[in-house]
Structures are given as C-alpha cells and as structure tokens.
Amino acid sequence: MFKFVALSLGLAASVPVAAQDAFSATYDNTRQVTLKGPITRIEWANPHAYVFLNVAGADKIVENWAVQIGNPLDLERDGWKRSTVKIGDVVTVDGYPARGDALQAFAKSVTLARTGAKVFTAAPKRTAAAAAAPAPAPRWPDGQVRLGPPPGKKGYWGTPTASALVERTSGPVISMNGEGLLKNISDADRVAPMQPWAKAIYEYRQRRLLQDDPFTRCLPPGGPRQFQTPHGFQFVEQRELGRILVLLGGGDRNWRIIYTDGRPAGQGDDAVLTYYGTSVGKWEKDTLVVDVAGFNERFWFTNGGLPHTEALHLTERFSRPDLNTLKYEVTVDDPRTYTRPWTGGWNIQWVPDQDIPEYFCEDNAETTFVR
Amino acid sequence: MSRGLIFSVGLFAAITGFAQQGHPLTGTWSGDWGASPTQRNQVTLVLNWDGKQVSGIMNPGPDSVQLSSVYLDPSTWTVRIEADAKDASGKPAHISAEGRLEDIASYHRKLSGTWKQGTTNGDFKLTRD
C-alpha cells in the first residue's frame, strides 16, 4: 500500500475525454500518481463515478483518495459495472493527480490485486463508432435529404471532427486539446476576430484552464457547442408539424426546436432569451439553413470559452453529402463581441444502428461527498 | 480532500454556475462610496455594453445620473467612470472614479477603487447583483 507521484514532463498531453468534465482545470496530466490500497467507498454518480481508496503514505499515515473513473454511462458501455470492484478490494490505480493538494486523481487504469486483472483502462479518446457502409444520404419520398436515420433504422450523430469552433482560414491548424484549450495562448488572435475585451476574457478563461466553464456545472451547451458534446445528438424531423427537433445525448438531455413552417426569422424585442435561442430554418436545395437569435449570456457557445453577448446571431448550415457525414457550418455575427462576422465548422460522423446515449449531467452530485 | 474543500467546490459551482458570461461590465452593480469607512453613500450603477461603448446610469430613479463615460481597459481590467452629479445642496459635483475588476468569472464580480465627487476623495466598492 503505497503512493508514488512522479513528474513526467515528457508525458503526452492527451486529455481523457470525460463528459462535461473540467479535466485540464482539475487534473495535472504532466504528473502521474500510483495508488494502492483497499476500496472504502464507491460513488456511482453522474456526471462522474469515483472509487475511494485508503492509501498509506510514506509516513505510514493513511490517506483517503478519491479516484475518478469516468461517467457511469461510458463505464457501462465499456463493460464496467457498479459491482466490478467491491468495498474492501485492494486495487492499484495509475492516474493523473489533481492540481493542488487535494487527495484526488483521474484513473488511467485500475488493477485488481487479487486477480491481477486490469479492470479499468481510460482511453485518451473514445474510439469513434464504426461507420455504416458507404451509402448515399437517405431521402424522403419527395427527394428531401433526411437528417435522421434511414426509414426503419436507428442511429444518431456522434463524433465531431473538431473540438472547438475556430474561424475557418487558410492558415495553419491551431493546436488545442479536446476541451478547446490552446497549446499556445498566443494563438488566441487566430481563433476568431475578437474585440479587445473579448480576447481578454477568452485568454483569462484559457489561463484558468477553463475551470469557469458553465457546461461543467451542467448548464446547457447552447449554440455550436451542442454539436461538440461527447454523447452526440439526433434530429427528429416532424415535417407535418413544420419543425425539426434536435435531441442532445449530452448536457442535460436538452432539446432544441428548429421551426421550418415558414415563420419569419428573428426575435421580438420582448422575447425571452434562452440557452438555445429561437431557430427558424429553411431548405436551400440539400442544405438546411437555420437562423438563430435570442441567446442569453449564461453559457459558452463553444468549447474553449469564446465569449458572446445577447446580440449573438448564428446562421447554421447543415448538409449531408452521404449517409455517414453531416457537414456543419456556422457563421457567427455578434458585433458586440467580434469585429466582423466569421465562419467555422466541422463534420460529424453518423453512428448507425444505435440509440442515442442517455447521459445525464447532474450538477453537484459529487459535492455530496462529505469526507 | 477535506470537508472544507468539498464545500468550497460546491460553493464555487453555485456561484459561477449562473454567471453572466458576456461583457464583464454589463449588469447592475451595487455598493457604496465614501471618504471614510463610516461615511458611506449607497451607489447603484446600471451598465450596458453596446459593442462600441459602455453606457449607464447611477442610482436609477427620479434622481438618477447619466454616466458621461465608462471606459474599460481589458489589459488591466481597470475601469474609469465619469459623471456629472449634484451634491446635497444641489450644486454641480463631478464624479471621477477609477477601479479594478476582480473575480471576473463570478456573477458577483467586484469593482473597487478610488472615487472623487466634487472636492471629496474617497473609495468605492461595488458588487454585481
């Protein structure tokens, strides 16, 4: 029963993808910790599950460590069950320690001492689901592209090709991790054409390792961010009602309505400002063009912490060139935050034959730990 | 991990969870200014960023004062406020305040610094409501 903390400066700066987790702000992935001891408690809670270990330090004093092992939904999908380990089992944990002095770690692996079996391994990034065989985009009988599954089939939109929204330019790729944390803060100027105050706020958030992100407190991921969450999304096209529902697998199981009934775009002055705004869409050939306005200022509209104001106006373009690909492009127009409108986007891969995961972010579930 | 740390994490989440995430000055600020710790005057500022400048009023109501200028330097998070008010006797009294934003990530962020009104020098402390 021992504790070993090693500095490993050359460690790859990969970020385990854990749903709605302020990983970079909470854990230091430039260090490693090895913990061994009996499990004293198992917290099978959203958004993060923990096991607690009694670990004897070098001075023989026993410390109780909280080891985060991911969220229950992903754990179950990877074969881990609540009963995989039991209270009293001695395990060895290799992981990343928390920043500061907290007795907390993020597990990279958990090994059961009595069998030697590695019962948990955190993937740096969840493997993208196998794509369906190449096929044309499914269509409605009238020829309109379907954004949902082909008739009689299941599926949802899963892995995005970008971790954060940045302006689409011909310049070199901006290096950032899966949370949208820049590798070099000097790249902030290249992310978007920000006004000075906005750039200062963005850099402030980045320097604080995104610890102030409302999404990690389970607030809704409005704007483009809804298409960046780890658990995907689904379109439900209710053509007879003149609307398309966007159901989110992550976040708080939120949904958004895109009205396609011909109503005018835009918001009245007295409209209630919301996390998702008001969306009005129309088809331009095979592209769904959606006008969105009426956002509140209580969220970050992309990973990485780009700011916005109530003046945020988005023009989204969705197209499906084939069964497996959704092209998402968004033009951001917020003259109170940016010096000009700008455009970015990414592709999203179809996950065939599966229901959208039912992930639940429950704020403060972890803070019920009283130790 | 101590009980205190867990409580702090929860409190931090509660404080920041519903923060206004847009321009850091936008909103209603309440506090006071005065020449000494015992001589304080209540102050409410309502500020709004329109994309080019911050405008606002002091002490909304029948005796409100329009702020003539509000300037934010985002490189230092310092704020300068100018206004033309009246003192208790009704004489013009120019207000010049300079302060610094703190706890920017918090909904209840702070703004404090020096406040000069007419010939009186003092300090001010405001918290975003």
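Let me start with chain B, where buried residues make up 25% of the 129 residues. Buried here means that 20 or more other C-beta atoms lie within 10 Å of the residue's own; exposed means 12 or fewer, partly exposed is in between, and C-beta atoms are placed from the backbone.

Some housekeeping. This is a predicted model, in which local features need pLDDT of at least 70 and side-chain atom pairs count only at pLDDT 80 or more, while totals for chains, interfaces and linings use all residues. Residues are numbered from 1 along each chain as its sequence is written, and chains are lettered from A and ligands numbered from 1 in the order in which they are written.

Back to chain B. Its secondary structure comes to 1 helix and 8 strands, and from the N terminus the order is α-β-β-β-β-β-β-β-β. Helices (H or I, at least four residues) and strands (E, at least two) are DSSP runs, numbered from the N terminus. Of the contacts in chain B between residues at least 6 apart in sequence, 34% join residues at least 24 apart. A contact means C-beta atoms, placed from the backbone, within 7 Å.

Now confidence in chain A. pLDDT is the predictor's confidence in each residue, from 0 to 100. Chain A has a mean pLDDT of 88, with 89% of its residues at 70 or more. Residues 4-14 of chain A have pLDDT below 50, and this stretch has 17 contacts beyond near neighbours in sequence. Residues 367-371 of chain A also stay under 50, with 13 contacts beyond four places in sequence. Where pLDDT is low, the predicted coordinates should not be read in detail.

Next, the cores. A nonpolar core is a set of buried Ala, Val, Leu, Ile, Met, Phe, Trp, Tyr and Cys residues joined through C-beta atoms within 7 Å. The largest has 75 residues, and A:A192, A:L306, A:Y328, B:L25, B:V70 and B:V79 touch the most other members. Apart from it lies another core of 26 residues, among them A:Y27 and A:L35. Beyond four places in sequence, the contacts of B:V79 include B:L25, B:V70 and B:L111.

Helix α4 of chain A, residues 196-207, is next. Why does its length agree with expectation? The expected span is 1.5 Å times one less than the number of residues; for these 12 residues that gives 16 Å, and the end C-alpha atoms are 16 Å apart. Buried residues of α4(A) include A:W197, A:I201 and A:Y202. Their cover includes α3 (188-191) of chain A together with β4 (65-73) of chain B. Just after α4(A), A:L209 has a positive phi of about 55°.

Strands pair if DSSP finds at least two bridges between them. Strand β9 (residues 233-238) is antiparallel to β10 (residues 243-248), with 6 bridges, and A:F233 stands opposite A:L248. Their hairpin has 4 residues between the strands, and A:G242 takes a positive phi near 70°.

Which residues of β10(A) are on the covered face? They are A:I244, A:V246 and A:L248, while A:R243, A:L245 and A:L247 form the uncovered one. In a regular strand the side chains alternate between the two faces of the sheet.

Note on methods: Contact = placed C-beta atoms within 7 Å.
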